[in-house]
Amino acid sequence: MALDTADAADQLLGEGDIPPVHEVNAAGASPFLLTSDHYGRVLPRALGDLGVAENELTRHIAWDIGIAGVADRLAEMLDTHLIAQRYSRLVIDCNRPPGAVSSIPVMSEATAIPGNEAISAGERAARRREIFEPYHHRIDATIGRRLHDKRPTVLVSLHSFTPVYAGVERPWHIGALYNRDTVLPQLLLKHLHAESDLVVGDNEPYAVNDLTDYTIPVHGEARGLVNTGIEIRQDLIADQSGQRQWAERLARIFAEIEMELRAERLVD
Ligand SMILES: [Zn+2]
């Protein structure tokens with residue numbers, strides 16, 4: 001009974017809050033499985049504004065600006081299953097190992113997050129239990145189901161990055177981000193380099209690693225899936241026209257990559 005009482009006291013989501021997991025095309029036939037860890041910037045009602053000004057809560061520190069519009073369209077164009085997370089990364093970052101300092105950040109870039117200071121172990125656990133875990137359990141179960149059904153499964157983790165971070169401008173339009181996969185990032189980079197109008201980042205603006213990432217190491221590498229991360233610069237996908245153009249470009253490239261993977265029998 002004591003445990004039940006503690007759980008109820010630390011319940012995070014309640015009436016008026018939306019579920020954390022957003023999905024498109026769960027029955028999609030494509031070998032690609034799209035994820036979006038920083039898709040939304042919703043705050044649970046119980047957390048108010050986390051003590052952060054509204055104009056900060058629309059910045060990149062709260063979510064991956066523009067990626068939702070790209071991800072939804074790309075899922076439709078490729079007939080691909082998308083699993084995305086709607087709550088702000090300021091509540092709990094779904095691409096950080098739980099327990100990492102940046103999982104529930106007290107500072108993001110140069111912005112303090114007062115609502116994340118001095119929170120209890122129970123509050124911390126509630127964010128993990130009610131937001132982080134449903135999202136990652138859904139990805140894990142989806143991959144398990146697909147592998148059980150012997151369906152080819154290629155993980156693509158979608159992100160966007162701010163054009164200027166801590167005063168430093170970033171020249172890349174798009175980057176492939178990876179660690180242990182030796183197949184898909186190189187194929188993707190080959191196709192991106194063939195687009196003459198693009199400045200392409202090879203593990204820029206950052207590389208994937210086990211301390212600062214979760215989705216690719218846990219769902220891609222540990223499950224033995226061909227995988228890559230993608231980062232698109234946010235000013236390019238700030239409006240619907242940019243989101244549509246980038247979804248169309250990526251749909252075209254991924255259709256070609258699928259044929260190459262099948263020809264190499266890396267997907268069949
Ligand atoms: Zn992101």
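This report walks through the aromatic pairs and the ring-facing arginines of a predicted model.

## Phe32 and Phe254

Two aromatic pairs turn up in this structure. In one of them, the ring centres of Phe32 and Phe254 are 4.9 Å apart and the planes meet at 75°, so this pair is edge-to-face; the cut-off for that label is over 60 degrees.

Where do the two partners sit? Phe32 belongs to strand E2 (residues 32-36) and Phe254 to helix H7 (residues 240-263), so the contact ties together parts that are 222 residues apart in sequence. Phe32 has a relative accessibility of 1% and counts as buried. Phe254 is buried as well, again with a value of 1%.

## Phe132 and Tyr214

Let's turn to Phe132 and Tyr214, which also form an edge-to-face pair, with 4.9 Å from centre to centre and 70° between the planes. Phe132 is part of helix H4 (residues 121-148), while Tyr214 lies in the loop between strand E10 (200-202) and helix H6 (215-221), so this pair links parts that are 82 residues apart in sequence.

Are these two residues buried or exposed? Phe132 is buried, at 2% relative accessibility. Tyr214 has a relative accessible area of 18% and counts as buried too, because the cut-off is under 20%.

## Arginines over tryptophan rings

Charged side chains also meet aromatic faces here. Arg41 sits over the face of Trp63, 5.4 Å from the ring centre. Over the face of Trp246 lies Arg249, at 4.8 Å from the ring centre.

Note on methods. Residues numbered from 1 in each chain as written. Predicted model: local features only at pLDDT ≥ 70, side-chain atom pairs only at ≥ 80, totals over all residues. Heavy atoms only, no water. Phe/Tyr/Trp six-rings, centres within 6.5 Å; stacked < 30°, edge-to-face > 60°. Helix = DSSP H or I, 4+ residues; strand = E, 2+ residues; numbered from the N terminus. Buried < 20%, exposed > 50% of the residue type's maximum accessible area, 1.4 Å probe, protein only. Lys NZ or Arg CZ within 6 Å of the ring centre and 35° of its normal.
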